[in-house]
Amino acid sequence: MSDRLLDFTQTAMGKQIAGLLGVPTPPKLRRAKSGYAQQPLEGKKVLLGSASAGELSPALVSALHEMGATIVVSTELPGLAPVKKAATDAKIPLKTEATGEGAHAYVFDASGMEGTAGLRQLYDFLQPRLSKLAANGRVLLLSRAAQDTASVAAYTASMALRGFTKSLGKEIGKKGATVNLVEVGAGAEGTIAGALRFLLTEHSAYVDAQFLALSKPAKGALLNSFVLPLAGKTAIVTGAARGIGASIAETLAREGASVVGIDRPAEEGALGLTMSRIGGRGLALDVTSPDAGDRLAREIGGLDIVVHNAGVTRDKMLRNMPQHWWDQVLDINLGSILRINESLFQNGLNKGGRIVCISSIGGISGNAGQTNYGATKAGIIGYVEKLAEQMAKNGGAINAVAPGFIETQMTAAMPLMPREVGRRLASLNQGGLPVDIAEAVTFMASPLAAGVNGRTLRVCGQNFMGA
Ligand SMILES: NC(=O)c1ccc[n+]([C@@H]2O[C@H](COP(=O)([O-])OP(=O)(O)OC[C@H]3O[C@@H](n4cnc5c(N)ncnc54)[C@H](O)[C@@H]3O)[C@@H](O)[C@H]2O)c1
């Protein structure tokens with residue numbers, strides 16, 4: 001389904017008419033056209049700042065340098081010392097900011113920040129420069145998670161960054177720029193590089209105003225190569241015949257995985273077409289069948305990546321909802337995931353396996369008429385939180401991606417008004433595309449997300465629902 005307003009306002013005449021009518025023009029988002037590159041920021045400037053007590057400069061300076069970025073610093077800012085020291089130690093060149101210079105990204109290490117004085121350093125870094133942020137640019141803040149901070153003032157400053165991030169997202173979305181906050185746990189510094197490769201590049205075009213927590217990675221989980229990070233991995237994706245699932249299958253394959261797409265027997269034809277297009281294999285299987293897990297282990301086996309994407313809606317107010325609609329949604333969207341995983345934990349999932357489940361912002365905000373759907377999608381968020389420790393013990397991880405409004409057959413079937421509202425009530429002023437979810441799932445499925453376990457990442461263009 002195409003977004004006619006977005007298409008129209010991308011034309012010269014459309015832009016002019018929208019301007020005259022005062023209609024907001026959704027920005028054109030730049031999305032990745034190919035897989036992860038060794039130096040994705042080559043030729044791009046990143047202005048790096050730090051709070052005066054920032055602790056993350058060594059990890060940031062080396063990650064940005066390896067990505068090929070020109071690291072720019074301002075000599076006026078109080079946090080220059082930790083950045084300079086990190087660069088000198090690693091023999092990495094820094095460029096001094098010229099007056100009025102813009103950048104692709106502004107990255108600020110807010111760790112070690114305390115109280116309002118610390119927050120003032122963030123203001124001093126961003127406020128004078130914001131108007132120079134590139135279209136489709138990135139603001140990335142890094143901090144210590146509030147629960148890992150030592151003082152009341154540091155805890156307060158860490159929580160304040162969340163409100164700052166959410167508010168700034170609503171200001172810079174107009175130009176397709178995003179802001180996100182990475183909360184780095186103790187021992188997770190080595191995982192910053194992978195997160196930056198996702199959050200500072202076009203792979204995260206529709207991820208906006210989110211908090212991503214990094215924790216100490218499982219042994220052996222860190223990445224060996226940034227290019228084709230899924231080479232040699234076997235992945236399955238449920239609901240892969242069309243929509244988001246087809247795009248996930250394609251994006252996993254792009255990064256080197258061998259992909260088996262699963263869908264209902266009734267969709268076997270469509271599944272075959274999708275899988276032959278991406279060089280994968282199809283397996284007709286209803287995820288709710290009692291032996292689904294056993295069949296996956298028997299017919300594929302040796303799985304490194306499992307993506308639970310199959311999902312349905314059967315919307316009705318609870319007072320009118322027939323029992324079979326309740327049961328069907330609960331079983332496809334949640335029950336099947338629990339059963340298949342239990343079976344794969346016994347047999348079929350490799351050590352270090354990564355599981356990604358598709359939740360929804362509907363599970364966070366709730367919607368009238370979606371008690372069944374909302375329950376399943378919120379259940380997924382709890383499920384990944386609870387299973388994270390068990391997965392880490394086996395060197396792996398489990399996470400969820402919560403899509404906002406995504407242009408698929410599911411949303412094309414919505415009535416006009418709710419569809420238009422769903423699209424526009426977001427800082428990026430448009431619905432996402434299946435590939436936006438696929439990029440986030442691919443990140444979660446790869447060693448780039450070595451520090452991410454038990455988390456749910458919203459991919460919603462900062463949709464205002466439940467935010
Ligand atoms: N489109 C959105 O805006 C949106 C928003 C939030 C969450 N989601 C979630 O994303 C996922 C994919 O959504 P979509 O929009 O691509 O939906 P879709 O309806 O276009 O595709 C879903 C796929 O799942 C398959 N499927 C359904 N039941 C199955 C079963 N029992 N066994 C095997 N396969 C089955 C379908 O045949 C279909 O190919 C779902 O979990 C959905 O809840 C979508």
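**Stop 1: Phe125**

Select Phe125. At 1% relative accessibility, this residue counts as buried, because the cut-off for buried is under 20%. Keep in mind that you are looking at a predicted model. Phe125 sits in helix 5, which runs over residues 115–126.

Now show what surrounds Phe125. Leaving out residues up to four places away in sequence, Phe125 touches Leu47, Leu48, Gly49, Leu77, Tyr106, Val107 and Phe108. Pick Gly49 from that set. Gly49 and Phe125 are 76 residues apart along the chain, yet their C-alpha atoms are separated by 6.8 Å.

**Stop 2: the two domains**

Zoom out. How many residues of domain 1 are in contact with domain 2? There are 26, and they meet 23 residues of domain 2.

**Stop 3: Pro229**

Go to Pro229. Look for the loop between strand 7 and strand 8 (234–238). Is Pro229 buried or exposed? Pro229 is buried, because its relative accessible area is 9% and buried means under 20%.

Then draw a distance from Pro229 to Ala37. The two are 192 residues apart in sequence, but 10.0 Å apart in space, C-alpha to C-alpha.

**Stop 4: helix 7**

Select residues 192–199, which form helix 7. Eight of its eight residues are buried, so helix 7 is largely enclosed by the rest of the structure. Step through them: Ile192, Ala193, Gly194, Ala195, Leu196, Arg197, Phe198 and Leu199.

**Stop 5: the ligand**

Centre on the ligand. There are 28 residues around the ligand, and Arg242, Asp263, Asn309, Tyr373 and Thr408 come nearest. The shell divides into 13 nonpolar, nine polar and six charged residues.

Start with Asp263: a polar atom of its side chain lies 2.6 Å from an oxygen atom of the ligand. At Asn309, look at the backbone instead, where a polar atom is 2.7 Å from a ligand oxygen. Gly404 also uses its backbone, with a polar atom 3.4 Å from an oxygen atom of the ligand.

Now show the surface. On its own, the ligand has 830 Å² of accessible area, and the protein covers 96% of that. Which elements give two or more residues to the shell? They are helix 8 (243–254), helix 13 (371–393) and helix 14 (409–412).

**Stop 6: Asn399**

Move to Asn399, in strand 13 (residues 397–403). Asn399 counts as buried, because its relative accessibility is 1%. A polar atom of its side chain lies 2.9 Å from the backbone nitrogen of Arg455. Beyond residues up to four places away in sequence, Asn399 has other contacts too, among them Arg354, Ile355, Val356, Cys357 and Val384.

**Stop 7: two positive phi angles**

Check the backbone at Lys91. Phi there is near 55 degrees, a positive value in a residue other than glycine. Lys91 lies in the loop between helix 4 (80–90) and strand 3 (95–96). Lys91 is exposed, with a relative accessible area of 74%.

Then jump to Asn429. Phi is near 60 degrees there, again a positive value in a residue other than glycine. Asn429 belongs to the loop between helix 15 (416–424) and helix 16. Lys91 is exposed, whereas Asn429 is buried, with a relative accessible area of 14%.

**Last stop: His324**

Finish at His324, in helix 11 (residues 323–346). His324 counts as exposed, because its relative accessible area is 53% and the cut-off for exposed is over 50%. Draw one more distance, to Arg314. The C-alpha atoms of His324 and Arg314 are separated by 9.7 Å, and the two residues are ten apart along the chain.

Key. Residues are numbered from 1 along each chain as its sequence is written. This is a predicted model: local features need pLDDT of at least 70, side-chain atom pairs count only at pLDDT 80 or more; totals for chains, interfaces and linings use all residues. Side-chain values use heavy atoms; hydrogens and water are left out. A residue is near a molecule or strand if one of its heavy atoms lies within 4 Å of it. A polar contact is a pair of N or O atoms within 3.5 Å; within protein, one must be able to donate a hydrogen and the other to accept it, and residues adjacent in sequence count only if both atoms are side-chain atoms. Accessible areas come from the Shrake-Rupley method with a 1.4 Å probe; for residues, only the protein chains shown count as cover. Helices (H or I, at least four residues) and strands (E, at least two) are DSSP runs, numbered from the N terminus. Ala, Val, Leu, Ile, Met, Phe, Trp, Tyr, Cys and Pro count as nonpolar, Asp, Glu, Lys and Arg as charged, and the others, Gly among them, as polar. Buried means under 20% relative accessible area, exposed over 50%, partly exposed in between (1.4 Å probe, protein chains only). Contact means heavy atoms within 4.5 Å.
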